[in-house]
Amino acid sequence: MHSVGDGDDHLHMERAIELGLSVRTSTSPNPWVGCVLVPEGGALTFEGATEPAGGQHAETIALRAARELAQGATVYVTLEPCSHLGKTSPCADALIDAGVRRVVIGVVDPDARVRGDGINRLRAAGIVVDVGARAHEIAGSLAPYLKHRRTGRPWVVLKLASTLDGRIAAPDGTSRWITGAEARVDAHRLRAESDAVLVGAGTVRSDDPELTVRFVKGRDPLRVVLGSVTPDARVQPAMEMSGDIEEVLDTLGEMDVLQLLVEGGSRVAHAFHQQRLVDRYVLYLAPAIFGGDDSVPMFSGEGARDMDALWRGEIVGVTRLGADLRVDIESVRGAGSR
């Protein structure tokens, strides 16, 4: 048995994570998985990253590149190899047939069709399997997929662009542009990573947004409006929904939405926050101040009554984007919470 703390394991798994993230915007609803195959001797490596739905998985791409050199190799893969027949053949069987010696896995796949079965198949075939290399980092990168498979609901990202005094629009309702160009490009990248983007009907009436992906490569997300809007709104065609927000999340989860990006406005943001339905808050903070209480706040509605009721999370990332800052904050409940 090898230790997953070995330097080579961490190095190769780091590369596998990079490969997975390189296809982050193209594979959903399949997970964005990376794979590195190292033949005996370690003089060279072969790589793979999951293709769009219906295409090859990361493991089979690396195996086909390595060909006969896969015999006796060590394989590093961010997510447990699949063991069921879907649009592609099981990756666990492909690894067994190729004669690999060892498989290092980042995290176990919580999908009910896998959930340890891939690992069991590999071990039953005499392959050494080690689990947990860079597991925390991989669980973070795959959080939308992991939550969806555990709960049936999407990973919810609440994105807000704000001044330093916590305001997202002027008293007249205008908000273009609080942040600079670099932050706006990054926000479009976040949109490209999401399967659906949601706003309230009030935001559509005041801003008339398109909610499409621009400035970066990526697919346009499903556009969702809470409430109803006119047929000529730029957000159209959009899915108009109403009712309980948790039921909205259940419906979107059934539609294979792994990540939902909530873009506003302040009442919708408050509703998701108040019901503790946000998994990650992404705040774009501009070095600007309205300096009064008549501009639009991040959240419109009743807040914490005292310090004991104050919501607290964990800052998981701070990024400088031109003159602005992106601050990522997560709930301490974890990726699998509901």
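Visitor: Why is D111 called buried?
Guide: D111 has a relative accessibility of 6%, and buried means under 20% relative accessible area, with exposed over 50% and partly exposed in between (1.4 Å probe, protein chains only), so D111 counts as buried. This is a predicted model, in which local features need pLDDT of at least 70, side-chain atom pairs count only at pLDDT 80 or more, and totals for chains, interfaces and linings use all residues. Residues are numbered from 1 along each chain as its sequence is written, and side-chain values use heavy atoms, with hydrogens and water left out.

Visitor: What makes the pair of D111 and R149 a polar contact?
Guide: The two side chains come to 2.9 Å, and a polar contact is a pair of N or O atoms within 3.5 Å, of which, within protein, one must be able to donate a hydrogen and the other to accept it, while residues adjacent in sequence count only if both atoms are side-chain atoms.

Visitor: How do you know that the buried residues of α3 are on the same side?
Guide: In α3 (residues 91–98), C91, A92 and L95 are buried. They cover an arc of only 105° around the axis, which puts them on the same side of α3, the arc being that of the directions from the helix axis to the C-beta atoms.

Visitor: What makes β12 and β15 a pair?
Guide: Two strands pair if DSSP finds at least two bridges between them, and β12 and β15 (residues 324–330) have 6, in the antiparallel sense. Within this pairing, L285 has L325 of β15 as its bridge partner.

Technical notes
Helices (H or I, at least four residues) and strands (E, at least two) are DSSP runs, numbered from the N terminus.
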